[in-house]
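Hello,

Here is the structure I promised to pass on to you. Have a look at it first, and my notes follow below.

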Amino acid sequence: MKNKLFLGIDTSNYTTSVALADEYGEIVLNYKKLLEVKAGERGLRQSDAVFQHIKNASDAAEALKDRLCELDGEICAVGVSASPTYQKGSYMPCFMSGLAEAQMIASAMSVPLYRFSHQAGHIMAALYSAGVTMLAGEKFAAFHVSGGTTDIIEVSPDNERIIYPVTVGGSLDINAGQAIDRAGVMMGLSFPAGKEMEMLAEKYNGKAIRPLCSVHGLSCNLSGLENKAEKLYLETASKEAVASFVLTSIRDTLSEMLSGIYEKYGDIPVVFAGGVISCKMLRAELSGTDRYFAEPQYASDNACGTALLTRMKHISEK
């Protein structure tokens with residue numbers, strides 16, 4: 001008898017991802033391929049992202065085929081990140097490439113196709129990574145912090161989608177990942193700049209620089225970081241100082257927003273997802289009781305959460 005497996009597909013703005021979950025809820029494939037961003041550029045146009053996802057599809061298919069053979073597995077259902085969030089009108093063209101692939105696979109194999117949001121996939125991957133998948137049946141709060149989002153999310157159980165995330169706060173202008181990447185590219189770092197910025201910040205041993213923090217309840221403003229970082233770099237020519245300033249500013253911003261969550265919801269579990277959350281400086285400040293963090297390989301864009309949601313959805317319908 002073949003092993004029952006559940007396929008997840010996610011085609012975000014910067015990563016082509018496919019994942020497999022087995023019938024016991026374990027991830028047995030986590031394939032990711034970063035999209036290429038030209039040196040000096042701070043991101044990708046959606047048309048370029050879609051084109052690269054199409055190019056990457058053959059490599060992803062090979063990785064999937066090889067793993068299926070190794071496991072002697074069969075795909076019982078397919079899940080896909082079809083939109084950024086569940087909010088009405090939420091749409092990005094890059095997710096359409098993944099949706100087309102998922103529809104083709106599900107139709108060819110005569111298996112169910114389930115649509116989820118990219119945000120829900122991130123949160124589910126964080127729950128799995130932190131060993132608290134049981135929270136999927138409870139109400140909790142979450143941060144989704146990346147290049148595309150700096151959101152505070154209220155997450156409730158949902159019969160149709162397993163979990164139902166609703167954004168209740170976040171950045172009113174640019175996102176945390178954008179601030180990090182723009183500061184990094186301004187200093188000549190490669191995009192995305194998160195890892196290099198973290199390494200530079202860890203090396204800084206100069207005079208403490210006052211962080212920039214603008215928080216109003218569950219909302220924040222981060223656009224001032226970009227101008228301040230550029231000014232600081234012109235004054236000091238220190239990449240380490242700028243990196244430390246940017247990351248400590250984001251750290252303090254998230255910490256204040258976390259306090260806002262407890263003021264609104266009381267003693268509630270809080271889950272941290274998204275690529276920016278892989279930064280050790282942030283995790284050290286935000287750690288605490290009933291706070292759960294995605295490990296780095298599950299914090300950045302991936303299809304693992306989508307594969308796990310697919311399994312749970314398929315089981316709920318049997």
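A word on terms first: on a 1 Å grid over the protein atoms alone, a pocket is an open set of points where a 1.4 Å probe fits, with protein on both sides within 12 Å along at least five of seven lines, and lining residues have an atom within 4 Å of a point. A volume is the space filled by probe spheres set on the points, which are joined across faces, edges and corners.

The model is predicted, so local features need pLDDT of at least 70 and side-chain atom pairs 80 or more, while totals for chains, interfaces and linings use all residues. Numbering starts from 1 along each chain as its sequence is written, and side-chain values use heavy atoms, without hydrogens and water.

The largest pocket holds about 1200 Å³ of space. Of its 44 lining residues, the closest to the centre are Ser146, Gly147, Asp181, Pro192 and Gly275. Helix α4 gives the most to this lining, 5 residues (helices are DSSP runs of H or I, at least four residues, and strands runs of E, at least two, numbered from the N terminus). The second largest pocket has about 170 Å³, and β5 supplies the largest share of its lining, 3 residues.

There is also an open sheet of 5 strands with mixed pairing, in the order β3-β2-β1-β4-β5 (two strands pair if DSSP finds at least two bridges between them). β3 (27-34) and β5 (113-117) each have a single partner strand, so one side of each lacks a neighbour in the sheet. β2 (residues 15-22) pairs with β3 in the antiparallel sense over 7 bridges, and leucine 20 stands opposite leucine 29 in β3.

Best wishes
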